[in-house]
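The sequence and the model come first, and the notes follow.

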Amino acid sequence: MSPAALGAWAAGVVRGNSTATWALLRLFGTREGAHRFFLVYAYFRWADDIVDAPGRDPDRVRAFAASQRSLREGLLRGEPGGESKAERCLALALDSSTDEGLRVAVSTMAEALEFDAGRAKEALTPLELQAQIRRVGDAYTQALLHATEVEGPVPDEVFQLARAATATHHLRDLLLDQQLGYHNLPREHAQAHGLPTHGFTAEQLGGYFHARAELIRPLFARGLAALDPLPLRARLLLRLFAWRYARVLDGLVRGARRNPIRALQSEPGCTPSVR
């Protein structure tokens, strides 16, 4: 498959998961930056679907994660590699850029993938949940900054935006994750809100959503307040990205009081979930 065909396939993967995210990257990302974002996203979407497959074999998943680690490490050293379309997308993205931010994004998202591959069936602890939110959110932020070709360091608070979005996505996917066999409601959180760790229903989650939203909303505010030093295209992209997920969060809180099932089926996002 030619590089152009790989790029078109990767863009289709992103568009299939979230038309809004695809459109925002086309509008505010640079041509090459958005192209590499799509390539990297398509790779991790493919890998995540294998790691999170219903009824997965833990040994096979761990073996897959180890093989992908070897592939990524080789690609980061400049070695050729990749057999599947998705793997070739990652190879193309890394081969076409020396940007350290892109490499950090790939390495950090890989850590999140490997955590999922190796985790047990027990519920996440609060510290594990927070660490996974940070990994996914920070990797996504680095990828967005690369897409807009931001150069140099950025304020640390900027990373709060995607952490808030990832935390929102975690709430939205709680029931789906439970159906897939992932217990992403920490036992301590469940006990504090009178919820079962396993087997909870949408109707039971209203109080938990409200409490988590009170913690997540300040992250959006802190991230937005830190955007001024960034170039205009990056500021616009991150503001619209934050606005979109803040709406999802508000919808979850409102919907949990009115129609909890519909709230948990709110608009899809392109931020990877915590699994």
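## Charges over rings

Arg 15 lies over the face of Trp 22, 3.9 Å from the ring centre, and Arg 135 is placed over the face of Phe 115, at 5.0 Å from the ring centre. A charge is taken to sit over a ring if NZ of Lys or CZ of Arg is within 6 Å of the ring centre and within 35 degrees of the ring normal.

## Basis of the values

This is a predicted model, in which local features need pLDDT of at least 70 and side-chain atom pairs count only at pLDDT 80 or more, whereas totals for chains, interfaces and linings use all residues. Residues are numbered from 1 along each chain as its sequence is written, and side-chain values use heavy atoms, with hydrogens and water left out.

## Aromatic pairs

Rings of Phe, Tyr and Trp (its six-membered ring) pair if their centres lie within 6.5 Å, with planes under 30 degrees apart counted as stacked, over 60 as edge-to-face and the rest as tilted; by this rule there are eight aromatic pairs. The pair of Phe 37 and Tyr 140 is edge-to-face because the ring centres are 5.8 Å apart and the planes stand at 75°.

Phe 241 and Tyr 245 form a tilted pair, 5.3 Å centre to centre with 55° between the planes. Ring pairs join Phe 37, Phe 38, Tyr 41, Tyr 140, Phe 241 and Tyr 245 into a cluster.

## Burial

Buried means under 20% relative accessible area, exposed over 50% and partly exposed in between (1.4 Å probe, protein chains only). Phe 37 is buried at 4% and Tyr 140 is buried at 3%, while Phe 241 is buried at 5% and Tyr 245 is buried at 4%.
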